[in-house]
2 protein chains.
Amino acid sequence: MLSVVAQSSFERALEAAVTRYDSTAPITAMIRYHFGYAAGGCDQRGKRLRPMLLLTVAQEEGGSIESALDAACAIEILHNYSLVHDDIEDGDRVRHGRDTVWAKWGTAHGINAGDSLCAISYLALLESDVPRPAERTVAMTRALHEANLAMCAGQGRDIAFEVESQVTMDDYIAMVTGKTAALFAAACELGALAAGSDASRARAYGELGRAYGLGFQIEDDLLGTWGESAATGKPVGSDLARRKWTFPVVWALDGPASPARDVVVERYARHGPLSPDDVAATIAALDALGVRNAGMLQAQTYFDRADAVAQASAIDTGGRVRAFLAANVRRAV
Amino acid sequence: MLSVVAQSSFERALEAAVTRYDSTAPITAMIRYHFGYAAGGCDQRGKRLRPMLLLTVAQEEGGSIESALDAACAIEILHNYSLVHDDIEDGDRVRHGRDTVWAKWGTAHGINAGDSLCAISYLALLESDVPRPAERTVAMTRALHEANLAMCAGQGRDIAFEVESQVTMDDYIAMVTGKTAALFAAACELGALAAGSDASRARAYGELGRAYGLGFQIEDDLLGTWGESAATGKPVGSDLARRKWTFPVVWALDGPASPARDVVVERYARHGPLSPDDVAATIAALDALGVRNAGMLQAQTYFDRADAVAQASAIDTGGRVRAFLAANVRRAV
């Protein structure tokens, strides 16, 4: 785990990066509010998973925290741009116990505030004081734009799934690879690049992060189906109630015909949200199919893949990056 | 004016840049549709003002068209990302005679397709085949991100104006400086950087572009109030009907009290759209106040500023860039 000093250095750098473009423009207040920097503040902030992962990789590769803080800020701000837009796209009105930006200021300002955060993310890298060869800045900026495009492709698939009555496992993995895993991959790749590692080592770290991101999302989907409300912050079965295409449902429908599978098929062939009774019937059917165990096995194959990548490329030899991921990214299902 | 060969080189490069990330993701179809590359195509495309301006500056600075095509693509794609999002923010359902992306696929896909275009814009620069020192790529990418942030700040002001009952000329100029002029400035700056000019010459070109952008927007606002529908593609007085804070209205309310000013004040103190009678009364009042002439004079001061910048910095000595701007950007009011 990173030291408390490193964590507070990051928080200071993040606030400076987010508020350096402070001005009289209306977006300024929205951005400060979103990050909890507005008057009155708030204690409920994000978990900072991605920047902490980035800094952990940088340390593992022999870099200093200071030389990677700009990249850590960039990835956290890019993650927040995606949250601001996702909240509009998903119609979510509350995050961290507060109104989302669009719920407070409307859709138009919400889109625009997210766009601003996207620009500020890249400017955190491009206008940073960290001394770094220009070739490296280009490589880092490029990797972060590729991750952004992959996130959009994944999010587009997820939105499109809403009106589908069948989503294959390949579709699901393609969606999650973009929507979740791309930014974990970028965090690892940028951490290595910030530390001065060469392109092939950085890409290997990216593969390690991508594998963990996939396993993380599957565990998160299991937790969203069977987890306690206290652990997830969401009502039990809320993904099912919203008829989201999560790992359990996709896995069940991808399997051979059975009465239990028919229960799930029938519920997901409808459009619109599921009733509490339908949610309970779907969970019972998923239980009968053994989906929970199948999901844990599937997630484990991704964590094993991360180990294989590390061994093949001789990265994370001390295991510090995977220990961070296991402690902070893996979910107790 | 650029040669037909240069224009068609640009069109080929743009289609390649926009479609290189072609895949099975749903956003691909939306992006192709937006650019008119979908099956069935369309002849109604944008005017390509910004990339043609960029290429004109590059030529004026002794660069080849080929060495600036990637930057020209980047600025046109960035412009289109802003159009896709603006259409959602403004509720516009039609562009170039076709349904806008959000009108066809919904708001969620519309936001996400715009986000994708933003990423693709920067990747056109960062993954380009044009040989260029990395320092220059960083400078160009940075200038384009600064322009994006300035556009967002301007757009945020414009959205905020919708609920205001008074907008000062300073507010208006701040809005237009971001919303319109920042991308004209970036087009000029990137054109010079692509040609290998030094940073101070490139910044001077940026100032020239910014001045023209301001004059352009004022003329465009006059045209939106007094222009023929055929020239604007919009109904006469449509900006007034939507109660937009355009130059004529801001100028009138910024002036001394008078019966004609009161007519405008009274209409703009209301919320919601204006009736055709109110629009006619407002135009008559603006006529009585001499706003049209005042606007033309104000626009001219910006065109004069562009001349002064050119002379002071010894840029555009042949006048080719300003000739392009006068022919393509200035509006016959």
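Predicted model: local features only at pLDDT ≥ 70, side-chain atom pairs only at ≥ 80, totals over all residues.
Q: What makes the relation of chain B to chain A that of a two-fold axis?
A: Chain B can be laid on chain A by a turn of 180 degrees with a shift of 0.0 Å along the axis, and the RMSD is 0.0 Å. That is the relation of a two-fold axis. In chain B, the C-alpha nearest the axis belongs to Ala134(B), 2.6 Å from it.

Q: How do you know that the copies meet through the same surface?
A: Of the interface residues of chain B, 100% are also interface residues in chain A, so the surface is the same. Contact here requires C-beta atoms within 7 Å. By that test, 37 residues of chain B are in contact with 37 residues of chain A. H7(B) gives the most to the side of chain B that touches chain A, with 16 residues. By class, that side has 20 nonpolar, eleven polar and six charged residues.

Q: Why is H3(B) called largely enclosed?
A: A residue is buried if 20 or more other C-beta atoms lie within 10 Å of its own. Eleven of the twelve residues of H3(B) are buried, so the rest of the structure largely encloses this helix. Among them are Arg50(B), Met52(B) and Glu60(B). The buried residues pack against H1, H4, H8, H9 and H16 of chain B.

Q: How do you know that the span of H3(B) agrees with 1.5 Å a residue?
A: Its twelve residues should span 16 Å, and the end C-alpha atoms are 16 Å apart, so the two agree.

Technical notes: Residues numbered from 1 in each chain as written. Chains lettered and ligands numbered in written order. Least-squares fit on C-alpha atoms with pLDDT ≥ 70 in both. Contact = placed C-beta atoms within 7 Å. Helix = DSSP H or I, 4+ residues; strand = E, 2+ residues; numbered from the N terminus. Nonpolar A, V, L, I, M, F, W, Y, C, P; charged D, E, K, R; others polar. Expected span 1.5 Å × (residues − 1).
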